[in-house]
Amino acid sequence: MAHAENVDLARLRNIGVVAHIDAGKTTTTEHLLYYSGAKHKLGGVDEGTTETDYDPEEQQRGITIYSACVPFHWAGHTINLIDTPGHVDFTAEVERSLRVLDGAIVVFDAQKGVEAQSETVWKQADKYQVPRLVFINKMDVVGADFRCCLESIRTRLTPHPQEHGQAVPVAIPIGSGSSADSRQPFRGVIDLIHQQALFFDPADLGKTIHTAPIPPECAEEVQQWREFLFDTLTRYDDKDLITSTLLEGQDPPPELTRRLLRELCLARRIYPVLCGSGREHIGIQPLLDAVVYYLPSPLDRPPVTGWDPKTHKEIRRKPDVKEPFCGLVFKAAWHPSGNRFFIRVYSGMMKPGMRAYNPGKDIKENIPKLYHVHADPARGLEEIDRGPAGDIVCVIGLKGSVTGDTLCETAHPILLEPITFAEAVVSQSIEPESSADKDKLAFALEVLQLEDPTFKVRTDKETGQTLMSGMGTLHLEVKKHRLERDFRLKVRVGKPRVSYREMLREARTVTARIDRLGDKPAFAELTVAFTNHKSDKPVEVTCAVDTETQPIPPAFLAAAQRALSEALTTGELGYPLMHTQARILEARFDPQLSSEDAFVAAAIRAYQLATQDNVLLLEPIMKVTVTTPQQFLGNILGDLAARRGEIDQQELSPTGDRAEVVARVPLARLFTYANEVRSLSQGRAAVTIEPYSYEPAPPEVLRELLGE
Ligand SMILES: Nc1nc2c(ncn2[C@@H]2O[C@H](COP(=O)(O)OP(=O)(O)OP(=O)(O)O)[C@@H](O)[C@H]2O)c(=O)[nH]1
């Protein structure tokens, strides 16, 4: 068993690697693991032998579907690395990783610069205030351009440095492109702080680094970038770590430069930029050093905030083992020998044998053992004897907790902000080929829902069909394959359809009173305010009744809240409501006649009163980004207009030969879009589609749905 007595939180880094699909996250991750010694053999995405892409489906598709947490060591530090997918259909994986990470590496393709999903993940990282390193990968490809890539980061991600921070290189490339197309191919990097060139020996896959003086042809460029680096740093050097030294015309000591950079990176004023090539094994060790130098330890992060489940007062917990324990379940994974739950510990200490309280569900969970997990199942679980604040641990077999739930000490309850996930936009009917497999399919769908909060299963009220819904057609296809592969189920699926939503037309406050249940007297009374809100959470059910001052059994209110949540996800027209908040303002009970059932009935009645003739149908609108050679632009624009698309942005590349169009288009008009873009552009345009918003559907959509 691994002992964690001497865990030095300052030497822990919980980091993730995020990017647009295919920018090279998995390749970069593989190199991080290889150089740190966590892996003895370098895996390749193209051969399907990587550590983090262990799922056969991922290996087949060469994409990362399930984020995996892999611990490794570098320069006396422990790094918990979470690999996350770039494909927008797996956005839940990115969202939940960013919620529990302390720092991130954002990988960019040196030739393509900022792409649609790099923008999305950058914004997600902004939302969780995650300090970041920028890694400009693929410096070896034809057309790789370090300056252009940085410029696209500046214009698209950080247009106002005061507000957004600034990407500032600490390492620059020596050459760019491959030897076939360039007289100065990419062959190494220059460390701007130590002013030396680093070359990575191809004979041992880049493990051995040779240092050398700066090549004369790079001297001028190094000078320019150093000026940029120090100009930016001195602007924020309140403690005069380096400014006086620079004014005296001397080079500041590297340790002080790094210290200042670290402070500014933690404050998200600066995003240190490095570069390299995963494929050519160049530039990865400096990236590892930068993780240690610049990214935060759990101690550098602000205290986590939550609220008291009874008094609703705000509570803050520091990342300190002396504080009471609290943690967040951020991932659940099915396993034949017991489901695995990954928990980010925010304060206090988890210990084997403890009982943890889940205040959201008002249940207790047994924690018999704690583990660290390696991504590759063959390497298995490593039992640990404690999980201190800051760590990420795995527990097997939680009974009632799911992703997004808080666990804490019973005596010190706290509810942390749950993780919010984007709404599922596509649904498909699913049934077993053989009716004998009905129960087996129900079980398997239950498991898939446990693992993936953006995958939902429900029964269509009218047809009785089982409908699965998710973030896109690829998302649902992957689930179907998992049913076939892991559960040996043969299933039939229907055509993909749009997942509509409902919303209240106007706010209503209602009072619902129950006097009878069947033919028996009963009592429950609830006053509930139903309002529209624009937060990320689709529906929010809260309670303003303070059970410490008002003697009403909390179980009654909890039952009413659960019933309200359930009703809100069923909807009036058969689609879940969104942007809706239900707040229980008042509750009255009778010691003899009240029961949980009576409060459930009152909650359902309140919901009916609030939604009667008061709902709007919403349809999902997608953000479509098309990059096309200029000559096909007319075709693309005409076609988007025919799909009810609204063009938000239209830009030509600096060379004028390519154009990028960003439009908002109803999902209902997009099911075959990727194929059609191919035929409109002779296969030369690229398209990404990601959820943008839900908007009121035009009347004809509603008429069609109601079969009028
Ligand atoms: N030329 C070149 N190719 C690279 C480099 N890094 C990765 N690739 C290739 O780019 C493709 C995508 O790499 P991945 O590492 O799977 O990218 P990813 O970002 O993890 O992709 P997803 O997991 O699907 O989001 C693969 O074919 C890699 O071999 C690089 O530095 N240079």
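This is a predicted model: local features need pLDDT of at least 70, side-chain atom pairs count only at pLDDT 80 or more; totals for chains, interfaces and linings use all residues.
Local features require pLDDT of at least 70 and side-chain atom pairs count only at pLDDT 80 or more, while totals for chains, interfaces and linings use all residues. Residues are numbered from 1 along each chain as its sequence is written.

The chain is assigned domain 1 (9–300), domain 2 (304–416), domain 3 (426–479), domain 4 (506–613) and domain 5 (618–705). These bounds come from an automatic or database domain assignment. The centres of domain 2 and domain 5, taken over C-alpha atoms, are separated by 43 Å.

Strands are DSSP runs (E, at least two residues), numbered from the N terminus. Strand β35 spans residues 615–629. Eleven of its 15 residues are buried (20 or more other C-beta atoms within 10 Å of the residue's own, with C-beta atoms placed from the backbone), so β35 is largely enclosed by the rest of the structure.

Two strands pair if DSSP finds at least two bridges between them. β35 pairs in the antiparallel sense with β30 (residues 501–504) over four bridges. Here Leu617 stands opposite Glu502. Ten bridges link β35 to β38 (residues 686–696), again antiparallel. Leu618 has Pro696 of β38 as its bridge partner. β37 (residues 658–666) runs antiparallel to β35 and is joined to it by nine bridges. In β37, Ala659 stands opposite Thr628.

A three-stranded open sheet has the order β13-β12-β24, with antiparallel pairing. β13 (314–317) and β24 (415–416) are the edges; each has a single partner strand, so one side of each lacks a neighbour in the sheet. β12 (residues 304–307) pairs with β24 over two bridges. Trp307 stands opposite Leu415 in β24.

Methods: A residue is buried if 20 or more other C-beta atoms lie within 10 Å of its own, exposed if 12 or fewer, and partly exposed in between; C-beta atoms are placed from the backbone.
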